Amino acid sequence: MTVAYKSSRDSFTFGAAPGGLPLLGHVLRLWRRPLEFLTSLPASGDLVEFRIGVRRAYIACHLGLVHQVLRDSRTFDKGGPLFEKARLLVGNGLVSSEWEDHRQQRRLVQPAFHHTRMPGYVEIMGNEIDSELSSWRTGQVFSVSDATHTLTMRITARTMFATQVGAHAAAEVTECMPIIMRGVYKRMFAPISWWERIPTRSNRLFDEAQARLREVINQTISDYRQANSDQGDVLSILVNARDEATGQGMTDQEIHDQVMTILIGGTETTGNTLAWTFYLLAEHPEIEERLHAEVDGVLGGRPPRFADLPHLVYTRRVLTETLRMYPPAWLLSRTTSREVELAGRRLPPGTPVFYSPYMLGRDPDLFPNPGRFDPDRWLPDRAATLPRDAVLPFGGGGRKCIGDDFGMAETTLTLAATAARWRLRKVAATKVSTTPKASLGTGPLPMVAQPRSAAAAGVAAGHPAE
Ligand code: HEM
């Protein structure tokens, strides 16, 4: 059976991607039709060599090899040209730091995502979700993708800075971050680095947004240091964190880098997951109906609370299936820090090695008819036939997403609260443009909001968390 075939593999095949061009290699294919290019690669081998310009790069196409790469985060470290660009923006934060720094950083930041913090965060999430859903109007056509991104940005900002003092910072984040995010992508993939120094309007706006954000984050860190108490938010943990071995805390610069990293890591990912989910539900009314049945049964018309999360099992399956089909982090890279053998190939230090959660989720051996949206793939009986960690939307190993539980709670609550009150319907212009940028997005996604019932649409007040 498929599972045995996948999990029993102890030797891996190697191949080269066809169709590379002189000097350009596979850059054009990766640039123009990245998802088609990625899903074509497993046919060439378990580990596939391709070229970015004249430079050799590798992609692990087999799940077993991807696990091997993720398990050894010292050898397959963060690094390479994309990360150098990312560091200009998020500094040396969790996502971009190399192995040695990362170990200590992760110990310091992890408590901010401890499960005991979640009820407090869920309360903040509930307030933001409620205010977003209450702003929707019957029959209004709006960009669902803009709405989900604004919501997730507000949630990340408010869980970062929950206090009165932090309210100004959260407002600045909500305003500046979209400008910064647009600039990040351009800078990461711009073929020429002097482009960003030309005083164009977009470069000026980008520089201004960065400066404003830096100032407000630094001011808020200083306010929190003076207050010297736990406000129940992420920043309180970062400011008060101490290394067990040395007793040392983080400097303002280190905290700033983690704040930026979390704001960026926590917004696009959840915003895109929700946008894809609403699109898929509009395409599959029978699945939407089952979701409504669960939400009505569990919530009985009130907003969701922390205690509801374990009962929203179908809601979670819908999200897990969305993440299989459209993982926001669709392509990720590592750089070898020493010579290493992978699938029988000797890779010198400094070799780029990629993995793609998108490619893994589309493996027909593991997921028959992979283009079919089928949340029941994740019923316990069926999921038990899959190898462990068969999809990796949150990555794995020492660099696994630190916000995985936070992100699942946030998307589950948003989906349940929305399904209790609204149906999102397609309009003539509703098309997804599957935009694989820094994160895999839907494009603008215009849809129309219809209240499920007068009573459901009226559920606006009420405190969502206990
Ligand atoms: C659906 C939601 C999310 C998805 C799909 C997602 C995906 C990922 C993935 C794939 C990685 C690993 C990257 C790699 O292997 O190079 C990662 C790392 C990370 N994510 Fe998420 N993420 C999500 C939500 C969040 C949230 C809500 C936060 C914070 C509030 C967050 C913060 C981070 C951070 C800080 C890292 C770096 C972890 C480290 O290297 O120690 N993510 N995320």
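Helices here are DSSP runs of H or I of at least four residues, strands are runs of E of at least two, and both are numbered from the N terminus. The model is a predicted one, in which local features need pLDDT of at least 70, side-chain atom pairs count only at pLDDT 80 or more, and totals for chains, interfaces and linings use all residues. Residues are numbered from 1 along each chain as its sequence is written, and side-chain values use heavy atoms, with hydrogens and water left out.

Cys401 is located in the loop that joins helix H17 (380-383) to helix H18 (404-421). Its SG atom, at 2.3 Å, is the only protein donor of the iron atom of the ligand. Donors are N, O and S atoms within 2.8 Å of the metal (3.2 Å for Na, K and Ca); water is not among the atoms, so sites may look incomplete.

The loop between H17 and H18 also holds Asp389. Although Asp389 is not a glycine, its phi is positive, at about 50°. Asp389 counts as partly exposed because its relative accessibility is 44%; buried means under 20% relative accessible area, exposed over 50%, and partly exposed in between, with a 1.4 Å probe and protein chains only.

Asn228 likewise has a positive phi, near 50°, in a residue other than glycine. Asn228 lies in the loop between helix H10 (201-227) and helix H11 (234-240), and with a relative accessible area of 57% it is exposed.

Next, Ser145. Ser145 touches Ala275, Thr442, Gly443, Pro444 and Leu445, leaving aside residues up to four places away in sequence; contact means heavy atoms within 4.5 Å.

Finally, a helix pair. The axes of helix H13 (residues 268-283) and helix H15 (residues 313-325) come within 10 Å and cross at roughly 105°. H13 is therefore roughly perpendicular to H15, a term for angles of 65 to 115 degrees, whereas under 35 counts as roughly parallel, over 145 as roughly antiparallel and the rest as oblique. Axes are lines fitted to C-alpha atoms, for helices over the stretch in contact, and angles run from 0 to 180 degrees between N-to-C directions. On the H13 side, the contact is made by Thr273, Trp276, Thr277, Leu280 and Leu281, and on the H15 side by Val318, Leu319, Thr322 and Leu323.
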